[in-house]
Amino acid sequence: MGKDISIYELNRIQQYIMQMRQLLRKEALFADGTPEYRSPAEPNFGEEVTFTFRTAVNNVDIVWLCSGGRQYRMKKTRTENDFDFYTVKIKMEEEGQGSGEFCYYFEVASGLLHVFFDRYGISKEVRPEYLFRVMPGFATPDWSKGAVMYQILVDRFYNGDETNDVLDNEYFYLRTPSKKMDDWERCPSDFSVAEFYGGDLEGVRQKLDYLQNLGVEVIYFNPLFVSPSNHKYDIQDYDYIDPHYGRIVVDGGALLAEGISDNRRAERYIQRVTDKRNLEASNAFFARLVEEIHARGMKVILDGVFNHCGSFNKWMDREEIYEQSDAYGKGAFVAKSSEYKDFFVFQDRHSWPYNRTYEGWWGHDTLPKLNYEGSEKLYNYILEIGAKWVSPPYNCDGWRLDVAADLGHTPELNHRFWRDFRKVVKNANPDAIILAEHYGDPKDWLAMGDQWDTVMNYDAFMEPLTWFLTGVDKHSDEAKPHLKGDIQNFENTMRYFMTRFQTSQLYCAMNELSNHDHSRFLTRTNGKVGRASVLGPAAASEGVRPEVLREAVVVQMTWPGAPTIYYGDEAGVCGFTDPDNRRTYPWGREDVALIDFHRDMIRIHKDNEALRTGSFVFLEGEHNLLCYGRFSSAQQFVILVNNEETEREVDLNVWPAGIPKEAELVRIMITMEAGYSLMPKDYTVKDGRLRITMQKKSAVVLTRAQNTTCAMN
């Protein structure tokens, strides 16, 4: 009889657990690192932090915040819109006590059922790799969170000063003489690093009205420093803006004769880029430009190429253009006695003068790798450069760091350098951002809050969205049709890589659809795989789907992060990967309707704080249907993207986005095959669910009618 009772009781317990699993509203469980769920979101040492956790109303028995083997019981402090909110206050360690790092997760009990909640979501077990993290003393600049950025490759944007144009045969670089392009509309040739269209900083200055009207808040410049290439990732002199972008006040000397490649005879080039009068005038012009940009309420981010320099660099001087001047020291290529010899790694220590055995980045002899391990002078010099350009009189607002994980020859040096770089830059300008180019998991540089602020967001934005909407990769080199519309792959990828950031780092990550290293997104919409050298540049524009680009822009402007437009994307520029992606801005031939659309989506993004810094939650997606919410206590948004070729009926639970179970939503943006519309349309939420008809290849942005600012003006 006793045995029968125990089996009976066991069955009752199992039934009770099953009931609890059905009753626990898992979709209501939520917390993140935004100020409404962690206040202050970026605390200082010794500061008390209020942590908040959300559940369905009267749905759980206990909520604990768990950290370091301790459980902090949370107290229900308010009920709102069918949700209960639990809070607990915890004081952060004082500086110098332990690591300062505070890692935590939540445990929720409902009857006999326990679940855990971490950065990835709900789990049946504790997952150390997905813990929430707080680093007291770490903060990203407030202006950068959700900031609308605009990337400019200066040579291809606008020619505002023809007197500083690179001339035909001004110098010789990479097997070809420099060439001034006489046709602004011509596509770049396949081997075109020495082809110049004449864009300059005066051209940017003349187009500031355009950028301001578009809604740009931050200008990110590809490299501006003296360099022989049009892309300028081969720096010649870190101390000066290239006079071809700035001002040439002293000009003269011979051009190279036809067929001559000896740059010692490139008199015009040497005077332009080594004469201190030109260099100082260019720096002064840049300082005035930044001042004007700031006066318009915009910021400036520079591109820092510190892993390698260029073979023209004054420290190396492989072209021997500095050797002739008493104003510069001997380059490391030229003389073994050079003060810069240890700035580089030479394989043969006995091959001077003119030692060609230096280490090149990825073997490129035009890109000498900088040897930080071998030279404290170099180490400190680059740190000074980092501080110089964010300090008066230039006052730039931060750095984008090129191939930042490659710097140095060991991980130990790399991390030490970026820790020191952060210190000097933040000391010079506490509000400057440090944003790295990085592919793959950035956690080693982000987790402790002592190196980079954030990264260019390839893995938690550009790449997953490209696969989902187009089925090709970000270079247009590979097609995977099975990934197009695969919502499970998209959500899993996004969830994972978003956990590699702290929340504040994610919210200022550079969310791009295109840039100078990858094909234009509009070209990816045609599904063609290949490059301009094989398919021809015309193929980049054939069969493109502007409606898919509009879907992507809706996501870009409503996703956590800093939406970043690559110059010309908003005007309909196409192009395969480098160099075809570096076509000129099509002044006078713009897709005006596409520009208007970008302007309206930017306005929606900027005018609604929940789209800049609010919480994020995935809603119930399906194949080719992406649904998510952005929300705060003041505003709630639902975004839907139907990438299907047919219309579909959607029945969606929107309650997890903080929307009351009985509510009215208003559509403030719809994109479709034919274009877009800001015409409002009302929808009713019943029992937490929204029913909506989605047109094919469309996106909609909906919000509660009483708490949004739409782009009708």
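**Close-up 1. Tyr566 and Tyr567, two buried tyrosines.** Both Tyr566 and Tyr567 are buried; buried means under 20% relative accessible area, exposed over 50%, and partly exposed in between (1.4 Å probe, protein chains only). The model is predicted: local features need pLDDT of at least 70, side-chain atom pairs count only at pLDDT 80 or more, and totals for chains, interfaces and linings use all residues. Residues are numbered from 1 along each chain as its sequence is written, and side-chain values use heavy atoms, with hydrogens and water left out.

**Close-up 2. Aromatic pairs.** The structure holds 63 aromatic pairs. Rings of Phe, Tyr and Trp (its six-membered ring) pair if their centres lie within 6.5 Å; planes under 30 degrees apart count as stacked, over 60 as edge-to-face and the rest as tilted. The rings of Tyr120 and Tyr130 have centres 5.0 Å apart and planes at 40 degrees, so this pair is tilted. Tyr120 sits in the loop between strand E8 (113-117) and strand E9 (122-123), and Tyr130 in the loop between E9 and strand E10 (132-134), so the pair ties together parts 10 residues apart in sequence. Helices (H or I, at least four residues) and strands (E, at least two) are DSSP runs, numbered from the N terminus. Tyr130 is buried, at 11% relative accessibility. For Tyr566 and Tyr567, the ring centres are 4.8 Å apart and the planes stand at 80 degrees, so that pair is edge-to-face.

**Close-up 3. A salt bridge between Asp161 and Arg247.** The structure holds 56 salt bridges. A salt bridge is a side-chain nitrogen of Lys or Arg within 4 Å of a carboxyl oxygen of Asp or Glu. The side chains of Asp161 and Arg247 meet in one (3.5 Å, N to O). Asp161 lies in the loop between strand E11 (149-152) and strand E12 (172-173), and Arg247 in the loop between strand E18 (237-241) and helix H4 (267-274), 86 residues apart. Asp161 is buried at 14% relative accessibility, whereas Arg247 is partly exposed at 24%.

**Close-up 4. A salt bridge between Glu320 and Arg264.** These side chains meet at 3.4 Å, N to O. Glu320 lies in the loop between E19 and H6 and Arg264 in the loop between E18 and H4, so the pair ties together parts 56 residues apart in sequence. Glu320 is buried, with a relative accessible area of 13%. Arg264 is partly exposed, at 41%.

Close-up 5. Most residues other than glycine have a negative phi, and most peptide bonds are trans. A cis bond joins Trp352 and Pro353, with omega about 0 degrees. Pro353 is in the loop between strand E19 (299-304) and helix H6 (376-388). Tyr354 has a positive phi of about 65 degrees, although it is not a glycine. Tyr354 is also in the loop between E19 and H6. The bond from Pro392 to Pro393 is cis too, with omega near 5 degrees. Pro393 lies in the loop between H6 and strand E20 (398-401).

**Close-up 6. Ser476, a buried residue with positive phi.** Ser476 is not a glycine, yet its phi is positive, about 60 degrees. Ser476 is found in the loop between helix H9 (458-470) and helix H10 (487-498). Ser476 is buried, with a relative accessible area of 0%.
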